[in-house]
Amino acid sequence: VNIYSTITGGYGALSGTSMACPHVAGAVALALSTHPGVRLDADQVKKCFTSTAKNVDNVNAAQYQGQLGAGCVTLAN
């Protein structure tokens, strides 16, 4: 996971699940806020995000292919 985000004194690249989790949580909150009144449970939200994730196997080292989960969360879908 590589995330470009604000860091002390500027903007830079950070990586790891500790950076991905808050970004995905924010994406979920944003997506849910655009459909007020729609009630989704956790499994439905997960299915929505995993089914629309961008496959990233082709942009990572071969040793990680097939081990990267659903891919990159994309809000444009």
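## The second largest pocket

The second largest pocket holds about 300 Å³ of space. A pocket here is found on a 1 Å grid over the protein atoms alone, as an open set of points where a 1.4 Å probe fits, with protein on both sides within 12 Å along at least five of seven lines. Grid points are joined across faces, edges and corners, and the volume is the space filled by probe spheres set on them. Lining residues, those with an atom within 4 Å of a point, number 13 for this pocket, and A31, L32, H35, C48 and F49 are the closest to its centre.

Two elements, α1 (17-33) and α2 (42-52), each give two or more residues to this lining. The most come from α2, with 4 residues. By type, the lining has 8 nonpolar residues, 5 polar and no charged; nonpolar covers Ala, Val, Leu, Ile, Met, Phe, Trp, Tyr, Cys and Pro, charged covers Asp, Glu, Lys and Arg, and the others, Gly among them, are polar.

## How the model is read

This is a predicted model, where local features need pLDDT of at least 70 and side-chain atom pairs count only at pLDDT 80 or more, while totals for chains, interfaces and linings use all residues. Residues are numbered from 1 along each chain as its sequence is written, and side-chain values use heavy atoms, with hydrogens and water left out.

## The chain as a whole

Along the sequence the protein chain runs β-β-α-α, giving 2 helices and 2 strands. These are DSSP runs numbered from the N terminus (helices H or I, at least four residues; strands E, at least two).

Of the 77 residues in the chain, 14% are buried, meaning under 20% relative accessible area, with exposed over 50% and partly exposed in between (1.4 Å probe, protein chains only). The accessible surface comes to about 6000 Å², and carbon and sulfur atoms own 56% of that; the areas come from the Shrake-Rupley method with a 1.4 Å probe, and for residues only the protein chains shown count as cover.

## T74 and the cysteines

T74 sits in the segment after α2. Because its relative accessibility is 25%, T74 counts as partly exposed. Beyond its neighbours within four places in sequence, T74 is in contact (heavy atoms within 4.5 Å) with T52 and K54. T74 and V24 are 50 residues apart in sequence, yet 9.7 Å apart in space, C-alpha to C-alpha.

C48 is partly exposed because its relative accessibility is 40%, and C72 is partly exposed at 37%. A search of the whole structure finds 0 disulfides, a disulfide being a pair of cysteine sulfur atoms within 2.5 Å.
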